[in-house]
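Please take a moment to look over the chain shown below before reading on. The paragraphs that follow lead through it step by step.

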Amino acid sequence: MTAWPAAGTLAAGAAMGALACGGEPAAARVLAHGVGERADLPIPLFYAYAGAFAALVVSFLALALLWADSRFRGDLAGRPITLRPPSGTARAARVVTLLAAAYTLAWLLLGPPTENAAPYLVYVLFWVGLVPASLLLGPVWRVLNPFRLLPDRPRRPYPARLGYWPAAAGLLAFTWTELVAPEPAAPRTLLIFLTLYAAAQLTGTVVYGHAWLERGDPFEVYSTLIGHLSPLGRRADGGRVLRNPFDGLDAIAPSAGLVATVCVLLGGTAYDGLSTGPAWVNALQSAPFGGRAGLGTLGLLAAVAGVAVLYAACLGVAGLIGGTKGLAGGFAHSLLPIAVGYLIAHYFSLLVIEGRHALILALGLDAEVDQNAVAPGTIATVQVLAIVLGHVAGVVAAHDRSVRLLPPARAVAGQIPLFVLMICYTTGGLTLLLA
């Protein structure tokens, strides 16, 4: 992760104008992830701010004037799909995934200390690849998750109070491993994380059955939340449907730990952007060896806490204006498309380039990785479209939820704190992204 998926956007015209006015490709660089990464065509900060603020204002005014009633129907919407996969497809897919996991484990245990395929398989093909796969096909990790090969025989019901909290903790642990651990790509580091992850999923599944995986497996939760933006989904009755992605997004029900999970995603990417800045790099380099991880941990936790506090404060004010309490969980879904937009914008070239590197290493191919395989124009187009569409989707989702939850006379005024929240996220996100 290299940029904060802030709740803001770049207006397409302003962004393209910025590129025309001299945006140049940045040189390839290697960051603390342990795998190669590119800084993809930064846009001049002034034009980014101008375009983002213009889009925020126009979006806010247009929705306030033209969108008075809630239009999304959540998991009640969608056109039924009659085509069904053959029986046993999911089980076969999980067996294949289990074999792929064993192959990755073999690389960690037996592979060379350098040019080891495992970090690329985990950090690029798996973690980054889950984003486009889930967007296109829905919650793919639910289908592929090898832990679902275990029998669903819960010893006790999954406690509602736990909600998404185990997944939030797991995502935070993975983010720490990727961004803070002294050697994130070292086989030992990944082995420790994967061992703890497997132990947690085995224990949770034995005790709570597959209900644990729906809320406690960080990667299944990550894929499922992103998968709500897919045009492929399920209705409340379990039927497969083609649907408006906004209906899928609207189907995310508030639950304990949902806000924490989203804040971990946002805060983790916020720290990622901060960690590449000269000031933070110098601070880490000047810290004693044992203190680097400590300082990095404090920075990561502070970033997550900062995102959470700002979100809670703005939603608290919105509740006061609208005369409604407990709004925080009801708006967490609106941050997901914004996060996804920035993930796509910054990981597109990484997935294409380093994904090839992963395949070359894993399959033992005699080939070279072309670091310039993605044309600058393609990168720019993907960046602009992903950021703009992510922001617009987030604004629309938040507005639709506002007119549903807040009294009609206060619905617009109650959105002002959300508008302020988006400005703050946009300013911080674009600064970390482009400065």
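Is Arg142 buried, exposed or partly exposed? With a relative accessible area of 34%, Arg142 is partly exposed, where buried means under 20% relative accessible area, exposed over 50%, and partly exposed in between, for a 1.4 Å probe and protein chains only. This is a predicted model, in which local features need pLDDT of at least 70 and side-chain atom pairs count only at pLDDT 80 or more, while totals for chains, interfaces and linings use all residues. Residues are numbered from 1 along each chain as its sequence is written, and side-chain values use heavy atoms, with hydrogens and water left out.

The chain holds 19 helices and five strands, which are DSSP runs numbered from the N terminus (helices H or I, at least four residues; strands E, at least two). Of its 435 residues, 51% are buried.

Side chains of opposite charge can pair when their charged atoms come close. Seven salt bridges are found in the whole structure. In one of them Arg142 pairs with Glu220, and their closest N and O atoms are 3.9 Å apart; this pair links distant parts of the chain, since Arg142 sits in helix 6 (residues 140–144) and Glu220 in helix 10 (residues 218–227), 78 residues apart. Glu220, at 1% relative accessibility, counts as buried. Both residues belong to a network of salt bridges that also includes Arg148 and Glu214.

Another salt bridge joins the side chains of Asp250 and Arg404 (3.1 Å, N to O). Because Asp250 lies in helix 11 and Arg404 in helix 17 (residues 376–405), this pair ties together parts that are 154 residues apart in sequence. Asp250 counts as buried at 10% relative accessibility, whereas Arg404, at 36%, is partly exposed.

Arg243 lies in the loop between strand 5 (240–242) and helix 11 (245–250). Leaving aside neighbours within four places in sequence, Arg243 is in contact (heavy atoms within 4.5 Å) with residues including Gly78, His228 and Arg234.

Technical notes: A salt bridge is a side-chain nitrogen of Lys or Arg within 4 Å of a carboxyl oxygen of Asp or Glu.
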